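This report goes through one protein model, from its overall dimensions down to selected residues. The sequence and coordinates are shown first.

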Amino acid sequence: MFKQYVQWRLERYIKKYFKKHHPTLIVVVGSVGKTTTKTAIATALAGRYRTQLEAGNLNTPLSVPLALMGVKYPPTELIHRRSTWRQVFRAMRQRVKAPQGVDVIIQELGTDHPGDLATYANYLSPDIMVLTAVSPEHMEGFPGGLDQVAREEFTLSGCSGLVIVGNDDVDSRFVNYANTGNLTSYGIDGGQYQVDVIGGSPLAGYEVVFTAPELSQPIRAVLHVVGNHMLKSACAAMTVGLRMGVPVSELVANIEKFRPVPGRMNPLPGRRNSTLIDDTYNSSPIAAIAALQTLYQIEAPQRVAILGTMNELGNHALSAHQQVGSFCDPAMLDWVITIGDMANQQLALAARKNGCQTRTFADPVSAGTFASQVLKEGAVVLIKGSQDRVYAEEATKVLLRDSDDAAKLVRQDEEWQKRKQEWFTQLGKHDDEELEEE
């Protein structure tokens with residue numbers, strides 16, 4: 001009952017806030033790419049509009065109202081206290097009363113089960129909804145498969161002014177679930193708004209042309225992102241920018257400033273003049289394969305992939321890990337290093353069947369330590385994995401050239417470090433028990 005009361009109060013404040021201040025609301029939904037797309041949109045609109053977005057991924061029913069109003073979400077250990085929420089309510093009242101400080105709010109919305117996104121329809125009417133992808137992720141909560149995921153992701157289409165759909169990663173059959181006639185698409189392999197690569201490379205930057213219905217001729221830009229899936233986020237941002245009236249010259253100047261965000265295809269200097277592609281925020285089959293495709297495009301004396309277990313895939317877990325392992329190409333990879341049970345048992349096995357050289361580890365520090373031992377001068381290392389029980393960022397940390405760059409990794413705050421330390425302790429106890437049994 002207390003949680004329902006808190007939710008009700010939060011929704012009331014949001015309604016009051018939007019009724020008084022009328023900010024433009026852009027929501028980003030989809031299986032993958034939400035945070036990167038959200039950040040790219042904010043970059044595209046910078047200067048023309050005062051934008052607000054939460055830097056992390058507060059995208060749950062309790063956290064979204066706070067993120068929308070720029071109120072800090074309480075620490076996990078305090079969220080069950082009534083005094084905590086009294087302070088939150090006080091902060092939200094102050095936001096409602098204060099002069100409007102933003103023109104546009106950009107918010108990502110997540111879902112773990114059917115009906116999650118419907119809760120937002122109770123109090124939000126987005127001006128623009130961007131749907132990045134429909135692909136396997138959080139499948140434990142979607143026993144009906146991708147069809148059920150697609151229905152969920154299109155939930156807010158009926159109350160959104162404009163729906164912008166990622167053409168490359170949303171199957172055309174799913175578009176029928178869109179409850180609106182005001183729909184357009186973007187992508188690199190098609191779409192009404194399209195980015196085409198005409199030069200460059202993943203680490204040097206891509207030279208692109210961007211075409212759109214309202215442009216008399218394509219516009220050129222240099223995008224400093226790593227991988228085609230990051231180009232899609234930039235394309236979505238340019239689409240939003242044009243639809244919101246950002247002048248072309250301003251839009252190009254803005255989007256050329258866009259850079260990868262922490263834990264999402266973010267290049268960092270590593271030991272022995274290596275380049276680390278830190279993609280450790282989370283993982284899913286579509287994202288892991290896209291990251292590997294990018295790695296294959298980079299010329300280097302050695303390519304290493306550190307791949308962690310992909311969580312929350314439910315009945316898809318077995319086939320998903322086999323799919324990613326089968327995509328590991330021995331002609332392109334010197335080592336495939338895995339972290340976690342499912343990656344070790346299924347992904348590594350499929351990679352070995354392909355002819356890849358593999359090593360498996362229970363924890364990320366051991367994986368990173370082994371990678372540092374086999375690392376060659378000028379190598380490129382991709383590090384990717386889900387968060388819980390994987391924490392692949394700790395493998396990245398071992399490989400950094402400069403330890404100060406650890407601040408650029410995900411999950412480095414005190415709360416996460418405590419959580420990870422508890423996991424490492426439990427993992428150590430489990431290993432000790434297995435040794436005793438032997």
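## Overall dimensions

The radius of gyration is taken here over C-alpha atoms, and the rule for a globule is 2.2 Å times the number of residues to the power 0.38. For 438 residues the rule gives a compact globule a radius near 22 Å, and the protein has 22 Å, so the two agree. The model is a predicted one. Along the principal axes, the C-alpha atoms occupy a box of roughly 65 × 55 × 45 Å.

The protein contains 14 helices and 15 strands. Of its 438 residues, 55% are buried. Among contacts with a sequence separation of 6 or more, 68% are between residues 24 or more positions apart.

In soluble globular proteins, nonpolar side chains tend to be buried together. In this model the largest nonpolar core has 109 residues, and Phe210 and Cys328 have the most contacts inside it. Helix α7 gives the most to this core, with nine residues. Another core lies apart from it, with 23 residues that include Leu268, Trp335, Val381 and Ala395.

Beyond its neighbours up to four places away in sequence, Phe210 touches Tyr193, Gln194, Val195, Leu215, Pro218, Ile219, Cys235, Met238, Thr239 and Leu242.

## Cysteines

How many disulfides are there? A disulfide requires two cysteine sulfur atoms within 2.5 Å, and by this rule the count is zero. For Cys328, the nearest cysteine sulfur belongs to Cys356 and is 5.3 Å away, so Cys328 is in no disulfide under the 2.5 Å limit. Cys356 is likewise in no disulfide, with the sulfur of Cys328 as its nearest cysteine sulfur at 5.3 Å.

Both residues fall under the 20% limit for a buried residue. Cys328 has a relative accessibility of 0%, and Cys356 has a relative accessible area of 8%.

## Helix α9

Helix α9 covers residues 285–296. The expected span is 1.5 Å times one less than the number of residues, so the 12 residues of α9 should span 16 Å; the end C-alpha atoms are 17 Å apart, which agrees.

Is α9 mostly covered or mostly uncovered? The helix is mostly covered, with 10 of its 12 residues buried. These are Pro285, Ala287, Ala288, Ile289, Ala290, Ala291, Leu292, Thr294, Leu295 and Tyr296.

## Lys384

Lys384 is located in strand β15. Is this lysine buried or exposed? Lys384 counts as buried because its relative accessibility, 3%, is under the 20% limit.

The side chain of Lys384 makes a polar contact of 2.8 Å with the side chain of Asp279. A polar atom of the Lys384 side chain also lies 2.8 Å from the backbone oxygen of Asn282. With neighbours within four places in sequence left aside, the contacts of Lys384 include Thr280, Ser283, Ile306, Leu307, Gly308 and Ala392. Lys384 is also in contact with Ala287, Ala288 and Ala291, which are among the buried residues of α9.

## Tyr49

Tyr49 sits in the loop between α2 (34–45) and β2 (51–52).

Not counting residues up to four places away in sequence, Tyr49 touches Asp103, Val104, Met244 and Val246. A polar atom of the Tyr49 side chain is 2.5 Å from the backbone oxygen of Met244. Tyr49 and Gln100 are 51 residues apart in sequence, and their C-alpha atoms are 13 Å apart in space.

## Phe370

Phe370 is placed in helix α12 (residues 364–374). At 8% relative accessibility, Phe370 counts as buried.

Which residues does Phe370 touch, not counting those up to four places away in sequence? They are Trp335, Ile337, Arg359 and Phe361. Of these, Trp335 is one of the residues of the 23-residue core. Arg359 is 11 residues from Phe370 along the chain, with a C-alpha separation of 8.6 Å.

Notes: Residues are numbered from 1 along each chain as its sequence is written. This is a predicted model: local features need pLDDT of at least 70, side-chain atom pairs count only at pLDDT 80 or more; totals for chains, interfaces and linings use all residues. Side-chain values use heavy atoms; hydrogens and water are left out. Helices (H or I, at least four residues) and strands (E, at least two) are DSSP runs, numbered from the N terminus. Contact means heavy atoms within 4.5 Å. A polar contact is a pair of N or O atoms within 3.5 Å; within protein, one must be able to donate a hydrogen and the other to accept it, and residues adjacent in sequence count only if both atoms are side-chain atoms. Buried means under 20% relative accessible area, exposed over 50%, partly exposed in between (1.4 Å probe, protein chains only). A nonpolar core is a set of buried Ala, Val, Leu, Ile, Met, Phe, Trp, Tyr and Cys residues joined through side-chain atoms within 4.5 Å.
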